[in-house]
Amino acid sequence: WNDTGADQYWMWIGTSQGDYDVYSGNQGTNTSAVVTELPAGGETLHVRLMSKFYGEWLSNDYTYTACDLAAEISAPTPGSALSSTSVTFTWNDTGADQYWMWIGTSLGAYDVYSANQETNTSAVVAVLPAGGETLYVRLMSKFYGEWFSNDYTYTAYNP
């Protein structure tokens, strides 16, 4: 940030405006800060930068979107009806240490399929049902021991 000649700068980062549940730090008279361990799930982050002049605090508020480390399925099109009981799912490479895919008959379930995809960005799933039911797919991306995920629904093949 620009140097306004403040006696002191303070920064808050929170998940709601005016909150500091992510970070709170005295910056002294520095005009930059390195903040580690920010959320990485695409959340909205609210940043308040405060400047102290002669004992009085003035502030400016900003919003940012945290990076989203969870890979996203590109094919088949999320929400679509599947054309077979054998489907190749593909997703973008977010540089994750590992990907894992679950497919189930309810959200978060893996009663149809569950497999470690290593660092591959596609998976052939040849065990899908053929009754037109809703299938729930969870694609998980692992970074430094922490999992991030996206959920999708599909309509099973209905011959």
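Q: What is the volume of the largest cavity?
A: In this predicted model, the largest cavity has a volume of about 40 Å³. A cavity is a set of points on a 1 Å grid over the protein atoms alone where a 1.4 Å probe fits but cannot get out. The volume is the space filled by probe spheres set on the points, which are joined across faces, edges and corners.

Q: How many cavities of 30 Å³ or more does the structure hold?
A: The structure holds 1.

Q: Which residues line the largest cavity?
A: The lining consists of Trp102, Leu107, Gly108, Ala109, Tyr136, Val137, Arg138, Asp151 and Tyr152; lining residues have an atom within 4 Å of a point. By class, 6 are nonpolar, 1 is polar and 2 are charged. Here Ala, Val, Leu, Ile, Met, Phe, Trp, Tyr, Cys and Pro count as nonpolar, Asp, Glu, Lys and Arg as charged, and the others, Gly among them, as polar.

Q: Which strand gives the largest share of that lining?
A: β10 does, with 3 residues. Strands are DSSP runs of E, at least two residues, numbered from the N terminus.

Q: Turning to pockets, what is the volume of the largest one?
A: The largest pocket has a volume of about 210 Å³. A pocket is an open set of grid points with protein on both sides within 12 Å along at least five of seven lines.

Q: What is its lining like by class?
A: The lining of the largest pocket has 12 nonpolar residues, with no polar and no charged ones. Among them are Trp1, Met11, Leu45, Val47 and Tyr64. β3 (44–53) supplies at least two of the lining residues, as do β1 (8–14) and β4 (56–65).

Q: And the largest nonpolar core: which residues touch the most other members?
A: In this core of 25 residues, they are Ile73, Phe89, Trp91, Met101, Ile103, Leu128 and Val137. β10 gives the most to this core, with 4 residues. A nonpolar core is a set of buried Ala, Val, Leu, Ile, Met, Phe, Trp, Tyr and Cys residues joined through side-chain atoms within 4.5 Å; buried means under 20% relative accessible area with a 1.4 Å probe, protein chains only.

Q: Where does a second core lie?
A: A separate core of 6 residues includes Leu45, Val47, Leu49 and Ala66.

Note on methods. Residues are numbered from 1 along each chain as its sequence is written. This is a predicted model: local features need pLDDT of at least 70, side-chain atom pairs count only at pLDDT 80 or more; totals for chains, interfaces and linings use all residues. Side-chain values use heavy atoms; hydrogens and water are left out. Buried means under 20% relative accessible area, exposed over 50%, partly exposed in between (1.4 Å probe, protein chains only).
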